[in-house]
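Subject: Structure for your review

Dear colleague,

I would be grateful if you could look through it before reading my notes on its pockets.

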Amino acid sequence: MSNLADVSRRLVAVFAADVEGYSRLMGADEVGTLKGLTERRAILDRLIGEHRGRIANTAGDSVLAEFGSAVDAVKCAVDAQAALVEANVNLPSNRCISFRMGIHIGDVMVRGGDLFGDGVNIAARLQAVAKPGGVCISGATHDQIRKVLPITFSDLGLQHVKNIDEPIR
């Protein structure tokens with residue numbers, strides 16, 4: 001493990017995305033699922049870059065990115081979900097590759113380009129709350145975008161999520 005002197009902190013919009021039902025999809029068709037995931041990741045990676053984001057980490061079917069702006073992160077997620085729906089348009093419903101996305105503004109630790117800390121964990125937990133093809137944002141994120149983006153969100157109220165002590169709005 002590297003020295004803690006190699007760790008810096010910054011406030012960012014953390015974007016977490018994960019494929020819904022990935023294990024089921026792989027179990028049904030590994031080659032086809034990998035091909036479909038590769039195509040959709042190209043879409044997602046391109047849009048993250050176009051919205052001034054940086055991919056911090058990937059693992060299998062998940063993507064973790066950071067944005068300097070909550071507006072850019074949410075616009076990216078909304079644009080990505082629209083593009084991903086289009087990518088699935090000719091597929092049977094049981095073969096669609098749909099992402100869930102979560103966004104949270106928080107202070108993170110950065111080491112070697114990777115992100116760590118509560119800000120990351122909250123974004124990941126919000127991603128798990130999102131519906132397939134949906135985006136779940138924290139109240140802190142909503143406070144930053146509500147006057148800027150013409151998007152309507154449903155308030156899910158306080159969410160008690162795994163391994164986070166305080167409920168997230």
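Predicted model: local features only at pLDDT ≥ 70, side-chain atom pairs only at ≥ 80, totals over all residues.

Largest pocket

The largest pocket holds about 430 Å³ of space. Its lining is made up of 18 residues, and those nearest the centre are C136, F153, S154, D155 and L156. Three elements each contribute at least two residues to this lining: helix 4 (118-129), strand 6 (135-137) and helix 5 (139-145). Of the elements, strand 6 gives the most, with three residues. By class, the lining of the largest pocket comprises eight nonpolar, seven polar and three charged residues.

Second largest pocket

For the second largest pocket, the volume is about 230 Å³. A total of 13 residues line this pocket, with A16, S62, L64, V120 and A124 nearest its centre. Two or more residues of the lining come from each of strand 1 (8-19), strand 2 (53-59), strand 3 (62-67) and helix 4. Helix 4 supplies the largest share, five residues. The lining of the second largest pocket divides into six nonpolar, five polar and two charged residues.

Yours sincerely

Terms used: Residues numbered from 1 in each chain as written. Heavy atoms only, no water. 1 Å grid on protein atoms, 1.4 Å probe; cavity = no way out; pocket = protein on both sides within 12 Å on 5 of 7 lines; lining within 4 Å. Points joined across faces, edges and corners; volume = space filled by probe spheres on them. Helix = DSSP H or I, 4+ residues; strand = E, 2+ residues; numbered from the N terminus. Nonpolar A, V, L, I, M, F, W, Y, C, P; charged D, E, K, R; others polar.
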